[in-house]
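Open your viewer and get ready to select residues by number.

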Amino acid sequence: MKHFKRLKDFLIKNKWSYILGVLWLLIVDVLQLLVPEVLRRFTDDVSSGHLTREGLLRYGLYIIAIGIGIAFFRFLWRMYIIGVSRRLEYELRNKLFTHLQSLSTNYYNTHKTGDLMAHATNDINAIRMALGPGVVMMTDAIFMTAIAISMMSTTTDLRLTFFALIPLPFLAYAIGKFGKKINARFKSVQEAFSALTDTVQENFAGIRVIKSFVQEEAEVKKFSDKNRFLFNKNMTLVKLFGMFHPFIQLMASLSFLIAIFYGSTLVIYGQISLGDFVAFNSYLSLLVWPMMAIGWVINMLQRGAASMERINNILDVEPEIVDAPDAIDLDNFKGDIVFDNVTFKYPNSDYNALENFSVYIPSGSSLGIIGKTGSGKTTIINLLLRLYDIEEGTISLDNHNIDKIKLKFLRDNIGYVDQDSFLFSTTIAENIAFGVDNFSMDEVENVARIAEVHENIIDFTNGYETFVGERGVTLSGGQKQRTSIARALIKKPQILIFDDSLSAVDTDTEEKILQGLKDEMKNKTTILIAHRISTIKDCNEIIVLDEGKIVEKGNHLQLLQSKGLYYEFYQKQLLEEKIYNE
Ligand SMILES: Nc1ncnc2c1ncn2[C@@H]1O[C@H](COP(=O)(O)OP(=O)(O)OP(=O)(O)O)[C@@H](O)[C@H]1O
């Protein structure tokens, strides 16, 4: 139960919902327990010939009144207890999502989306069940059992009660045992389900690759194998339930068998009345449910505790990258960037992605970065954005180490156009304005013009209100890149970073975008990463990376003259252009 400690505040805050809910529930129980008493008197009146027409009416009214009372208070307890458990689910899900948002990039490199989705759905559901229906069942089980047994033994017959109840503890024990098995099988069903979710999700994300490699059949087979695995796991659960229900009925009917045989003997010998006998059986049927509930509730609480433990394990993960206690916002931020002797290895990697990397990018200047794939270009940006922290060397902005600058300030001041140009399933306007709270359509259109995407957007029927992605228009690679450029520009950041962001546009459009950006880049620091010389040739400084190290440095002309790797890239591209134009 220690796992539920985290919910202490919630439980205290909502204690009245629980207390009142349990109170309504107890009222329902008491009303239910009145029914056997009514039956007892009614039967006795019938068997002794005392039942009059008014008596019959009275008993009928009692039953109706009890029924209405039960319905009313049952509604109330559901609203209170089930309501509070739904609130818990809501708050816990929000808490989990907020926490997951705060975790560092590296967490997502090592955890599967399918698993996280399973936590957000199945585990939270199990916790809700434990603290909603679980509480109801527990209260019911304890209260109903105590009252029903004491009523049976005091108002009817102690020995009859004793004998009739013999099978019930076995029933509770067996349900507990079954429950453990059910839990274990349920867990493997959930694991199989989360593996299936993962496959489906990846499959849809990569549908174009699958189609272009004609892998539909292979994917269907993979899916069908995982689906069969899930089916088999579900069938083991079905089998267990199949045995479970008849077993419970058998055990419960044993109690009735004893009650009928022994009870009727007592009636025949006049030790109890017929009414007592009817009331006794009615109490007994009220008892079967709490006995079952005891077994279930133990399982439900165990399952809830296991889920709570898993959620706690996530909530206990400290975000790796947080503000230092003395972190500050910078005044009059200019955007001077210095990398000083930075060596960096990704977690779980065994080679350096950057080695002794030093560069100075003065405010207002531009740096071009070129290098083979995997040479460490994006890594430089990951470190500047503090998506990963470094252990060797320093990175500073305006002479302040970035780990002493508030993360929000740091990232707010960097306009980053990522390599994938990821867009959300919302309108183009909202995608462009993603990083700003207040914006006007004029601003949106202005940055879209600079990014050379405005003309494309207004050609869509719904213009800037066009939905992108799953629910709308699929943008071309180049349109996506330009939309993400606009998204970075609207923030008006002091530092602009384009990570291979012009690769999907033709050289003419690239030229236009770079021309348009010139004004934007004035007084700002710009980093342009590219595979194409044309993108970076006008940069104030260009560095050539190879295996995490700077191998050449200079401006376009200097680099051509030194006839190194940069010159090689240049020659290759000239050749490619020649072949393309022929
Ligand atoms: N999250 C990660 N964990 C481990 N290794 C990584 C991770 N990200 C990148 N790497 C490795 O670090 C090296 C540098 O990667 P980086 O993404 O910086 O290259 P790049 O020059 O930007 O390549 P490209 O031009 O293909 O985008 C590569 O060898 C890559 O495999």
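Select residues 15–48. This is helix 2, with 34 residues. Helices are DSSP runs of H or I with at least four residues, strands are runs of E with at least two, and both are numbered from the N terminus. From its first C-alpha to its last, helix 2 reaches 50 Å, close to the 50 Å expected at 1.5 Å a residue. The expected span is 1.5 Å times one less than the number of residues.

The model is predicted: local features need pLDDT of at least 70, side-chain atom pairs count only at pLDDT 80 or more, and totals for chains, interfaces and linings use all residues. Residue numbers start from 1 along each chain as its sequence is written.

Stay on helix 2. Which residues are buried? Color Gly21, Leu25, Val28, Asp29, Gln32, Pro36, Arg40 and Phe42. Buried means 20 or more other C-beta atoms within 10 Å of the residue's own, exposed means 12 or fewer, and partly exposed is in between; C-beta atoms are placed from the backbone. Now show helix 3 (53–102), helix 6 (133–155) and helix 11 (274–315), which are among what covers these buried residues. Just after helix 2, click Gly49: its phi is positive, about 75°.

Next, select the ligand. Around the ligand are 13 residues, each with its backbone-placed C-beta atom within 6 Å. The closest are Tyr346, Thr373, Lys377, Thr378 and Thr379. Helix 12 (residues 377–384) gives the most to this shell, three residues.

Last, find Asp506, in the loop between strand 7 (495–499) and helix 18 (507–521). Is Asp506 buried or exposed? Asp506 is exposed, because 10 other C-beta atoms lie within 10 Å.

Conventions
Two residues are in contact if their C-beta atoms, placed from the backbone, lie within 7 Å.
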